[in-house]
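User: I am new to this structure. Please take me through it in short questions and answers.

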Amino acid sequence: MIRIGGLQKTTLIDYPGRLAATVFLIGCNFRCPFCYSSELVLPELIREQPEISQKTFFDFLKERKGQLEGVVVCGGEPTVNGDLPEFLEKIQKMGYLLKLDTNGSNPKMLKELLDKKLLNYIAMDIKAPLRDYSKAAGAKVDGDKIRESVEIIKNSGLDYEFRTTVVPTLHEKKDIIQIAKEIAPAKKYFLQSFRPEKTVTPKFKKIKPFPNEYLLELKKEISSFFDLCQVRD
């Protein structure tokens, strides 16, 4: 059953061009050391995380109907939930547009959601070049599934974006160039700065992020691969 670990009632950022709410689902199959949603990922922290009932969530959506345009569903990793299609369908029937944030590890679920026309926008996090994926994801990852998800998204006919959180100790310039080549050509690719907050691996809290100038230099190197390439705060 889907468990909700958080709700951001209004966002102008998470769903481009739309006024939306963001719902955070509990549980993830990755253990990215730099992840700052550890309370949705690590079992020992999940146990302490206050949950929001589905009734409370859907009552909120009912109240905000006509004010909000969309709902961003993120995590954790939403596609680990077998009942995700039913959850999204319920939101969609209330008249909301849906954006999914995913790590791309479950192309089968992704395809099901698209076949059922349950999505309007997809954002996929690209953790590293495929050769180094498991290190950046903190778990064993099937690179073929990541590649399959990239292709499914690119051919979906929907608006979409790929994005990479650039982390010192995990990424060098050559890694970002390799990622760009592996997902190109594509509509949108965003580079995001690492935030040393409540990370899954405690020692990552002490890592200093790359300066913004460095990310802007990377952007220049790879912009030609994409319709739009930007550094996102």
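Analyst: One term to begin with: a polar contact is a pair of N or O atoms within 3.5 Å; within protein, one must be able to donate a hydrogen and the other to accept it, and residues adjacent in sequence count only if both atoms are side-chain atoms. This is a predicted model, where local features need pLDDT of at least 70, side-chain atom pairs count only at pLDDT 80 or more, and totals for chains, interfaces and linings use all residues. Residues are numbered from 1 along each chain as its sequence is written, and side-chain values use heavy atoms, with hydrogens and water left out.

User: Which side chain makes a polar contact of 2.6 Å with the side chain of Glu77?

Analyst: Glu77 sits in the loop between β3 (70–74) and α4 (84–93). Helices (H or I, at least four residues) and strands (E, at least two) are DSSP runs, numbered from the N terminus. The side chain of Glu77 also has a polar contact of 2.8 Å with that of Thr102. The partner at 2.6 Å is Thr79.

User: How far from Glu77 is the nearest side chain of opposite charge?

Analyst: Lys and Arg count as positive, Asp and Glu as negative; His and the chain ends are not counted. A salt bridge needs a side-chain nitrogen of Lys or Arg within 4 Å of a carboxyl oxygen of Asp or Glu. Glu77 is buried (under 20% relative accessible area; exposed is over 50%, partly exposed in between, with a 1.4 Å probe and protein chains only). Glu77 has no salt bridge, and the nearest opposite charge, Lys127, lies at 7.3 Å.

User: Which parts of the chain does the salt bridge between Arg3 and Glu51 tie together?

Analyst: The closest N and O atoms of Arg3 and Glu51 are 2.6 Å apart. The two residues are 48 residues apart in sequence, so the bridge ties together the segment before β1 and the loop between α2 (43–46) and α3 (54–63).

User: Are Arg163 and Glu161 buried or exposed?

Analyst: These two form a salt bridge, with closest N and O atoms 3.7 Å apart. They belong to a network of salt bridges that also links Lys99, Asp101, Asp125 and Arg232. Both Arg163 and Glu161 are buried.

User: How much space lies in the largest pocket?

Analyst: On a 1 Å grid over the protein atoms alone, a pocket is an open set of points where a 1.4 Å probe fits, with protein on both sides within 12 Å along at least five of seven lines; lining residues have an atom within 4 Å of a point. Grid points are joined across faces, edges and corners, and a volume is the space filled by probe spheres set on the points. The lining has 45 residues, and among those nearest the centre are Asp101 and Arg163. The space is about 1100 Å³.

User: Which peptide bond has omega near 10 degrees?

Analyst: Most peptide bonds are trans. A cis bond joins Ala184 and Pro185, with omega about -10 degrees. Another cis bond, with omega near 10 degrees, runs from Gly75 to Gly76.

User: What is the phi of Lys117?

Analyst: Most residues other than glycine have a negative phi. Lys117 lies in the loop between α5 (107–115) and β5 (121–125). Lys117 is exposed, at 65% relative accessible area. The phi of Lys117 is positive, about 55 degrees.
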